[in-house]
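Please look first at the sequence and the 3D structure shown below, and keep both in view while reading the report that follows.

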Amino acid sequence: MKKSVFLGTLAVAGLAAGLASAQTLAEVQERGALNCGVTTGLTGFAAPDANGEWAGFDVAICRAVAAAVLGDPTAVEFVPTTGQTRFTALASGEIDVLARNTTWTFSRDVDLSFEFVGVNYYDGQGFMVPRDLGVSSAMELDGATVCIQTGTTTELNLADFFASNNMSYEPVPIETNAEAQQQYLAGACDVYTTDASGLAATRATFEDPSAHVVLPEIISKEPLGPLVRHGDNEWGDIVRWTLNGLISAEELGITSANVMELTAGTENPEINRMLGTEGELGAMLGLESDWLVNVISSVGNYGEIFEGNIGENTPIGLARGLNAQWTDGGLLYSPPFR
């Protein structure tokens, strides 16, 4: 009952915020900065570097949107959020967009009155255990203590998985990834469960990553993506087509290294439309014609962002897998720019 009331309250707050603020683009431009909600810290996805500068796969989405609407990828105020606070921050208007490894679900889209603008990472929930625990399958976890972030889909998936396999577990509630890492390494739980990408990112920060095993089972679908409030379709379009632009740019071979050269014009009409040398796509969004040039020259295309932050040549070491382009057997696919 308490959960239903909470969800209903957030839904009303989200709707009210959307109706009261249907001009997010104008507000961001007047403010001169994008307020972007991110995680409190997950290496490779969103975390401050040694100089205090935010960097990562999700951070790049924030910077891409800022480049599109302000012409400046650094014009971002990063707002760290937890699994519990992220939706309130978006519904209340504290942030303009949430780019925080958040799963697109029915209730979040409909009941909470948010709008997911696409998927920037196809994921699934997994389990990590110490190697010396001697476990090789999630089916061997009966009776385990499990560190689990509250307010997340992983909490519900975990309960479903154990119930359907007639196993029991003892949850160890945690609020942030940093807390989960601390509790897990201290032995407060046998298992840490979250999205498989998050497990890889967390393990990469350990002193001895090889002492920990990510089990083979993936127990859910977790389409992760940025989201905005309902009620401002124009703003949703900007964030959506910025993400689509990153995906299409990789497919069409537009990179941070060659984008300026391509603005001279090409034989590919879609590239010309994307870069503003043909058509009026920028004006349709209320942006300058070179909005996508600013994006790609600032953060690169989707592939550059992936490989630079979480790819196989980084400590995170993630293969493209489902996140490869559709032309390479993956699920990445942008609607056409026309």
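## Around W235

Leaving aside residues up to four places away in sequence, W235 touches T24, L25, V28, L34, V65, V69, D96 and V228, where contact means heavy atoms within 4.5 Å. The model is a predicted one, in which local features need pLDDT of at least 70 and side-chain atom pairs count only at pLDDT 80 or more, while totals for chains, interfaces and linings use all residues. Residues are numbered from 1 along each chain as its sequence is written, and side-chain values use heavy atoms, with hydrogens and water left out.

W235 and I254 touch the most other members of the largest nonpolar core, which has 60 residues; such a core is a set of buried Ala, Val, Leu, Ile, Met, Phe, Trp, Tyr and Cys residues joined through side-chain atoms within 4.5 Å. Helix α3 (residues 57-70) gives the most to this core, with 11 residues; helices (H or I, at least four residues) and strands (E, at least two) are DSSP runs, numbered from the N terminus. Apart from this core lies another one of 15 residues, including V135, A138, M167 and V191. In soluble globular proteins, nonpolar side chains tend to be buried together.

In helix α13 (residues 291-299), the buried residues are W291, L292, V293, V295, I296 and V299, where buried means under 20% relative accessible area, exposed over 50%, and partly exposed in between (1.4 Å probe, protein chains only). Among the elements that cover these buried residues are α3, α9, α10 (259-262), α11 (269-275), α12 and α14 (302-309). Just after α13 comes G300, which takes a positive phi of about 85°.

C147 has its place in strand β9 (residues 144-149). Is C147 buried or exposed? C147 is buried, because its relative accessible area is 0%. Not counting residues up to four places away in sequence, C147 touches V172, A180, Q183, Y184, C189, V191, Y192 and T193.

The structure holds 3 cavities of 30 Å³ or more. On a 1 Å grid over the protein atoms alone, a cavity is a set of points where a 1.4 Å probe fits but cannot get out, and a pocket is an open set with protein on both sides within 12 Å along at least five of seven lines, while lining residues have an atom within 4 Å of a point. Grid points are joined across faces, edges and corners, and a volume is the space filled by probe spheres set on the points.

The largest cavity is lined by 18 residues, of which R100, N101, T152, T194 and D195 lie nearest its centre. Its lining takes its largest share, 3 residues, from β11. The second largest pocket is lined by E234, D237, W241, L281, M284, L285, W291, P336, F337 and R338. In the table, Ala, Val, Leu, Ile, Met, Phe, Trp, Tyr, Cys and Pro count as nonpolar, Asp, Glu, Lys and Arg as charged, and the others, Gly among them, as polar.

| Space | Volume | Residues in the lining, by class |
|---|---|---|
| Largest cavity | About 200 Å³ | 2 nonpolar, 11 polar, 5 charged |
| Second largest pocket | About 200 Å³ | 7 nonpolar, no polar, 3 charged |

## Two loop residues

S113, in the loop between α5 (106-110) and β6 (114-116), has a positive phi near 60° although S113 is not a glycine. N166, in the loop between α6 and β10 (169-174), has a positive phi of about 55° and is likewise not a glycine. S113 counts as buried, at 9% relative accessibility, whereas N166 counts as exposed, at 73%.
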